[in-house]
Amino acid sequence: MKLLFAAAFALFVLSTFDQADSSAYDKIMHHSRIRAKKEGPNVCALQQVLGTKKKYFSTCRNWYQGAICGKKAAVLYECCPGYMKLDGMRGCPAVMPIDNVYGTLGLVKAVTTQDYSDRSQLREEIEGTGSYTFFAPSNEAWDLLEPEIRSSLVSNVNIELYNALHYHMVNKRLLTKDLKNGMTVDSMYNDLSLQINHYPNGIVTVNCARIIHGNQVATNGVVHVIDRVVTAVGRTIQDVIETDDDLSSLMTAASASGLLDKLGEPGHYTMFAPTNDAFDKINSEILERIMGDKNALQALLNFHLLNTVQCAEAIMSGASYETLEGHNIEIGCNGDSLTVNGVKMVLKKDIVTTNGVIHLIDEVLMPDSAKQVIELVGNSQSTFGDMLFELGLASSMRPEAEYTLLAPMNKAFTDEVMAMDQRLLKMILENHVLKEKIVLSQLYNGQLLETISGKFLRVFIYRTAVCIENSCLVRGSKEGSNGALHLMAEFMKPAESSMYKILNDNGNFKIFLSLMETAGLTDVLKQEGDFTLFAPTDEAFAGLSQRDIDMLTRDTGALRTILLYHLTNGVFIGGGLETRVTNLFKTLQGNNLKVMIVNNTMMVNTVNVPESDIMATNGVVHFVKSLLYPGELPVGTQDMLTLLRRIIKYIEIRYVPGYRYQEIPLTFMKRIITRVVEREPEVTRITRVIEGEPTFTKVTRVIEGEPSITKVTRVIEGEPSFTKVTRVIEGEPSITKVTRVIEGGPSVTKVTRVIEGEPTMTRVVVGGSDVDAGGFDFSSVSSIDGNPQLTVAESDRLTKMIQGGGSRRRARPRQQA
């Protein structure tokens, strides 16, 4: 009786301290009590995986799922640790008797450990004075030990078995609340450390062995029953990689990346280590590229590392964990198997080291950051990826350059799209490849993105959406080594025309455009800007006579009020708006439009929008078949009221006699800027041409290169008179000039020969019976100008004869004496 009282008092004191500093394990135990409350006092609810002996004090998630690691689990009700049943009484009303550590091993049914303690002569120690923590392997844990190891321990009980049991002991009492996550404690075997982990789901592990029955208090310590025999740990993760032949490829990669030494430093890591076979599964070109890119290689290896220790026994369901690379992986379990990203790939689990734990896997985990941008295309965008290759766009993307893919989902590739001319489809897809790498966080409203075709796409940021032109991003953006990928809801349609041109080319907006022209607002539809226009079709004005339209146009204030109520600042497309809530857009008129998206259909002021998101260079156009009117404004004349009520049916327009519309400042108009830009398109071209011709060097060189041509041309073209030539002959003894002049006549040959043969003396001879000398004998004349033998008339006649020749003159060359 005294023994029972002492045990009850000890549990009361410990439980008081536990409440002051409870742990995740203690909280799970508390919830387990609550679930089993109807079974009586001190009863705990557990879950046991069907077909196994594994039992868990489970979390709420596992409890309500009725499964552990994806396997169905049955509910068991047992006495909570430290309590026991009494015959004829409900629940577990009795406190388990308190004993020394050796006796407590029997109370928790760890009889094999108790027997080995006796055989190894450890019993005397754990029955004596002291304060110990004994992590006692269960009977099943000893059965799971490899037979060779167990045989060697049992065959040498005084040394091997004794040391092995000492490694399970700590020389102080540690309850589960004292076992903090990531702590190490020195064992009683050569002070070799034990790695402690305490997880949020209440599981506590020692060298990755799970405590299945904790906090069994003894007079000289505490006993925790664990589910496996633990072995001494002395190697780091680096040591394991360097010595395991099946991890040589991993060692090569880790060494090349510069991360191998890091794996030998103190820490708390989990490494999913790919085997050599796992590396062999990678495409050789991809592996070669990654091995040659240190950044990609580091990203690859860091994607296999967690900065926490995740023992296999601590995983009861799937959970997401951040890797050292920065992105998350999903670690789960399927029965006894660990899964990574939903795939069974773990060959061997829980290789405990001094700085963490290793799980061997048969696949290499490939992070997006180690992939080329084209490799980021996933299953939901596979058609887009296929078309990039088929149309030659993928092959034109250089590995050293950076790109961004705006990938439409597979559903965007309808039969109509796939049937179109491939040249047209290629042009469309070129609008979905940007020239540079732009990740999601870099996008901002009003940003212009240049495609590989040279077009620019606009970015629109909304409260719950990011859109590019008419298409919005779908969750799932990725970043690769040389680019980024964003998932798009549909194909993008870059704007090519202004709002005015779109409406004018459509042909169904003649009345609206005419009214805008009358109101002096046409420039709004043409000028640069970011506007949203709800454009009423001609159908919206059905029933109005020319007289009605004339009356509407006579009141400029009313006309501008109505028309500007259809325009807002800012570009608002359907995909960027929140669904089933009212979106308020302030118009250029001043009042708000109320826009909703219901069942993927846009509505404005309860009016259906049959066609939306027509992108313009200065905004976006939505077509409506009703004229819109601000419900807050009344109408001041009976005629205007009658007119508006005839075409506006969705609201009841108020009538306030004498009400006049306020004048709206047209501050949004940009007429002057637009005209200045339009008037000077050629100035830039002229300037560029002038800048492109820096000097007139070429012209100068031509002139200098042919100096004689200039002189000859001037003499030939000039031919002023023969008087000057005569003087030249007499005045200058050099015959060169005379020869050139005389060559112009029919007797050039004779003259040339006489001159060239007599360099100092020139005699002009004109002879032969065929020449008519007019009865004068020139045989003795040696010069013309100033010759006293010739009269003036004879001199002139001779000059003309030489200059013009004549059909009558036939000269035969005379031989020079």
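Tutor: A residue counts as buried when its relative accessible area is under 20%, and as exposed when it is over 50%. Keep in mind that the model is predicted.

Student: Why is Ser-471 called buried?

Tutor: Ser-471 has 0% relative accessibility. The cut-off is under 20%, so Ser-471 counts as buried. This serine belongs to strand β27, residues 471–479.

Student: What is Ser-471 in contact with, apart from its neighbours within four places in sequence?

Tutor: Ser-471 is in contact with Met-488, Ala-489, Glu-490, Phe-491, Met-492 and Ile-573. Contact means that heavy atoms lie within 4.5 Å.

Student: Why is Asp-26 called buried?

Tutor: Asp-26 has a relative accessible area of 14%. That value is set against the limit of under 20%, and therefore Asp-26 is buried. Asp-26 sits in helix α2, which covers residues 24–35. Its C-alpha is 9.9 Å from that of Gly-214, a residue 188 places away along the chain.

Student: Why is Asn-600 called exposed?

Tutor: The relative accessibility of Asn-600 is 79%. Exposed requires over 50%, so Asn-600 counts as exposed. Asn-600 is in the loop between β32 (592–598) and β33 (601–604).

Student: What makes the phi of Asn-600 worth a remark?

Tutor: Asn-600 has a positive phi of about 60 degrees and is not a glycine. Most residues other than glycine have a negative phi. Asp-350 also has a positive phi of about 60 degrees without being a glycine. Asp-350 is part of strand β20, residues 346–353.

Student: Is Asp-350 buried or exposed, and how do you know?

Tutor: Asp-350 has a relative accessible area of 9%. The limit for buried is under 20%, so Asp-350 is buried.

Student: Which residues of helix α5 are buried, and what covers them?

Tutor: In α5, residues 111–119, the buried residues are Thr-112, Thr-113, Gln-114, Tyr-116 and Ser-117. Their cover includes α4 (101–107), α6 (123–127), β7 (132–137), α7 (139–144), α8 (147–155) and α9 (157–166).

Student: How do you know that Ile-331 is buried?

Tutor: Ile-331 has a relative accessible area of 0%. Under 20% is what the term asks for, so Ile-331 is buried. Ile-331 lies in strand β17, residues 328–334. Leaving out neighbours within four places in sequence, its contacts include Phe-272, Leu-306, Ile-315 and Ser-317. The C-alpha atoms of Ile-331 and Ser-317 are 8.1 Å apart, and the two residues are 14 places apart along the chain.

Student: Why is Ile-647 called buried?

Tutor: Its relative accessible area is 7%. With the limit at under 20%, Ile-647 is therefore buried. Ile-647 is in helix α23, residues 638–647. Beyond four places in sequence, Ile-647 contacts Ala-540, Phe-541, Ala-542, Leu-544, Ser-626 and Leu-627. Leu-627 is 20 residues away along the chain, and its C-alpha is 7.0 Å from that of Ile-647.

Student: What makes a group of residues a nonpolar core?

Tutor: The members must be buried residues of listed nonpolar kinds, joined through side-chain atoms within 4.5 Å. The largest such core here has 47 residues, and Leu-503, Phe-512, Leu-533, Leu-567, Tyr-629 and Leu-644 have the most contacts inside it. Leu-503 touches residues including Phe-509, Phe-512, Leu-533 and Phe-623, with those up to four places away in sequence not counted. A separate second core has 29 residues, among them Val-43, Leu-174, Ile-226 and Val-233. In soluble globular proteins, nonpolar side chains tend to be buried together.

Student: Which residues make the contact of helix α19 with helix α21?

Tutor: The axes of α19 (residues 510–518) and α21 (residues 546–554) come within 10 Å and cross at roughly 35 degrees. Ile-511, Leu-515 and Thr-518 of α19 make the contact with Ile-549, Leu-552 and Thr-553 of α21. By class, this gives 4 nonpolar, 2 polar and no charged residues.

Student: How many of the residues in the whole chain are buried?

Tutor: Buried residues make up 46% of the 817 residues in the protein chain.

Notes: Residues are numbered from 1 along each chain as its sequence is written. This is a predicted model: local features need pLDDT of at least 70, side-chain atom pairs count only at pLDDT 80 or more; totals for chains, interfaces and linings use all residues. Side-chain values use heavy atoms; hydrogens and water are left out. Buried means under 20% relative accessible area, exposed over 50%, partly exposed in between (1.4 Å probe, protein chains only). Axes are lines fitted to C-alpha atoms, for helices over the stretch in contact, and angles run from 0 to 180 degrees between N-to-C directions. Helices (H or I, at least four residues) and strands (E, at least two) are DSSP runs, numbered from the N terminus. Ala, Val, Leu, Ile, Met, Phe, Trp, Tyr, Cys and Pro count as nonpolar, Asp, Glu, Lys and Arg as charged, and the others, Gly among them, as polar.
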